[in-house]
Amino acid sequence: MVLLAELEVFCSRPHAPTRRVALGTSALPVEPAPGYGGVLLGGVVANFIADIDPDFVDDLRRLTKEVETGRRIAQPRLRHRLQVDTIGLNAARHRLVGEGERLAFEFDDYGAPEQQVLGAVYAVSELPLGSRRSVMDSIRRAISWRGPIGADLIATLAGMRIHAGSSMAIGDPTKWALVKLGFVDSTSPSPKEVSRRYRELLREVHPDHGAANEGAAQRIAELGEARRILTGR
């Protein structure tokens, strides 16, 4: 098991008179965008968003814009105050891990859902300004997510159009696309070469040309996504 990203959120106790949240030490790689870090932050939001008061969601969306652009954040938000001091707070740790090509989330259940979501959004403020938009795009997708917390969510958070939530697809989508289209010895095929290889492989995997029906739709979708990544269209 390999740790790919980690978020540490410090939370006040559930029945504390003052609701507080602070950020701890996290590891949030965001290259290539949104990176494992962006996927983890989006995963945290998607996992806890259903337990948040729906009246808070509009404020949460506004907060994502404010953090993304580096604006001063008025406190409190979602009835919780962000602070630097972690004294008297307990840590919740959320992780994105990989085992082979399989990715999975590990969520800590300490603290209120609002604290976890706020921690994920506020963590973006500690990222380089140029990386924030892609990560916040993942978080905003997560706010609207209503499906299972699994591979489809991971692919969606990474901005992929198909279920390809493998470690390589998220960590190095260009390499994944090259491998998927069989460009083992080339790192920069031309758009014309990519399109030709796509058509050749499409014939091999399409049931109309004798390939098995089982899994055909996924194979065809992955080839199309690989072409999109390498050609930009």
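The model is predicted, so local features need pLDDT of at least 70 and side-chain atom pairs count only at pLDDT 80 or more, while totals for chains, interfaces and linings use all residues. Residues are numbered from 1 along each chain as its sequence is written, and side-chain values use heavy atoms, with hydrogens and water left out.

**Stop 1.** Select residues 35-48, helix 1, together with helix 4, residues 129-144. Helices here are DSSP runs (H or I, at least four residues), numbered from the N terminus. The two axes come within 8 Å and cross at roughly 25° (lines fitted to C-alpha atoms over the stretch in contact, angles from 0 to 180 degrees between N-to-C directions). That makes helix 1 roughly parallel to helix 4 (angles under 35 degrees). Now show Gly38, Leu41, Gly42, Val45 and Ala46 in helix 1, which meet Val135, Ser138, Ile139, Ala142 and Ile143 in helix 4 (heavy atoms within 4.5 Å).

**Stop 2.** Move to helix 2 (residues 57-68) and helix 3 (residues 113-123), whose axes come within 9 Å and cross at roughly 25°. Select Leu60, Leu63, Thr64 and Val67, which meet Val117, Leu118, Val121 and Tyr122.

**Stop 3.** Finish at the lining of the largest pocket, to which helix 4, helix 6 (167-171) and helix 9 (216-231) each supply at least two residues. A pocket is an open set of points on a 1 Å grid over the protein atoms alone where a 1.4 Å probe fits, with protein on both sides within 12 Å along at least five of seven lines; lining residues have an atom within 4 Å of a point. Of its 16 lining residues, select Ala33, Pro34, Ala158, Gly159 and Met160, the closest to the pocket centre.

Notes:
Angles under 35 degrees count as roughly parallel, over 145 as roughly antiparallel, 65 to 115 as roughly perpendicular and the rest as oblique.
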